[in-house]
Amino acid sequence: MRQRRTILDYKPDKVERRLLLELFNHAAYAPNHHMKEPWKIKIYEDQSRSAFGEKIVDSYIRLGLLKTLNEEKLKKARQSYDRFFTSVPHHALFYMEKEDHGGYLDDENYAAVCAFIQNFQLVAWEKGIGTMWTAKPTLLDKVFIRDIGLSPEQHRLIAVLQIGYPNKIPNGKERTSIEDSIEWKTEERDI
Ligand SMILES: Cc1cc2nc3c(=O)[nH]c(=O)nc-3n(C[C@H](O)[C@H](O)[C@H](O)COP(=O)(O)O)c2cc1C
């Protein structure tokens, strides 16, 4: 847990599919209410990465995230995003089926998928594999959800996880003392 780092820079080598499957199988031991096992994953590799990246950039444009760029700069930004998307061996998009239109059951399933993702990050790191958890407003963009073959009414997107062998491991980021986040309650009147 302490050694894992978010990785931005990857070696081009793919992680063997058999190993990815093994790690996802471990991750599935995440807690999940009523054993719903709500995690669904689309993995973009090889030729599909550019097209996936393009849909993401289309969404950034639609959402106004790149509105400060003129046409020339936008073209360059597209090329640079493409270099990024094709430099990462695997992009795993995590999503789930909606059950109660964004209500409590959906939150439970969302939480379980997040636990699954963290499990995956940790077991992958143990095998020398790095990851980067990304979540942007694009995950709520209905056009993007349809662009990748899902339905905004039926599906909730949760994260895109970049996966591959690290080329460069950044320095660790310190955490604040956990005592700042805890209140210990011991007396009956403590609430
Ligand atoms: C929900 C979520 C969304 C994140 N989105 C991004 C992101 O869009 N870009 C990014 O570089 N890192 C993203 N991260 C990774 C965090 O930046 C990273 O975990 C944090 O800086 C701590 O670094 P570490 O993971 O190396 O300890 C995200 C993490 C989470 C949990």
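Analyst: The dialogue below takes the elements, the sheet, the core and the ligand shell in turn. This is a predicted model, in which local features need pLDDT of at least 70, side-chain atom pairs count only at pLDDT 80 or more, and totals for chains, interfaces and linings use all residues. Residues are numbered from 1 along each chain as its sequence is written.

User: How many helices and strands does the protein have, and in what order do the elements run?

Analyst: Helices (H or I, at least four residues) and strands (E, at least two) are DSSP runs, numbered from the N terminus. Here there are five helices and six strands, and from the N terminus they follow the order β-α-β-α-α-β-α-β-α-β-β.

User: What is the strand order of the open sheet, and which strands lie at its edges?

Analyst: Two strands pair if DSSP finds at least two bridges between them. The four strands of this open sheet are arranged 2-3-5-4, with antiparallel pairing. Strand 2 (40–44) and strand 4 (130–134) are the edge strands, each pairing on one side only. From one strand to the next, the twist averages 25°; axes are lines fitted to C-alpha atoms, for helices over the stretch in contact, and angles run from 0 to 180 degrees between N-to-C directions. Strand 4 is joined to the antiparallel strand 5 (residues 155–164) by five bridges, and M132 has Q162 in strand 5 as its bridge partner.

User: Which helix packs on the sheet?

Analyst: Two residues are in contact if their C-beta atoms, placed from the backbone, lie within 7 Å. Helix 4 (residues 104–126) touches strand 3 (90–97), strand 4 and strand 5, and its direction makes about 5° with that of strand 5.

User: Which residues have the most contacts inside the largest nonpolar core?

Analyst: A nonpolar core is a set of buried Ala, Val, Leu, Ile, Met, Phe, Trp, Tyr and Cys residues joined through C-beta atoms within 7 Å. A residue is buried if 20 or more other C-beta atoms lie within 10 Å of its own, all placed from the backbone. The largest core has 22 residues, and those with the most contacts inside it are F94, Y95, V113, F116, I117, F120 and I158. Helix 4 gives the most to this core, with six residues. Leaving aside residues up to four places away in sequence, V113 touches P38, W39, F94, M96 and I158.

User: Which residues are around the ligand?

Analyst: A residue belongs there if its C-beta atom, placed from the backbone, lies within 6 Å of the molecule. The residues are R5, T6, M132, W133, T134, A135, K136 and K173.

Key. Buried ≥ 20, exposed ≤ 12 C-beta atoms within 10 Å, placed from the backbone.
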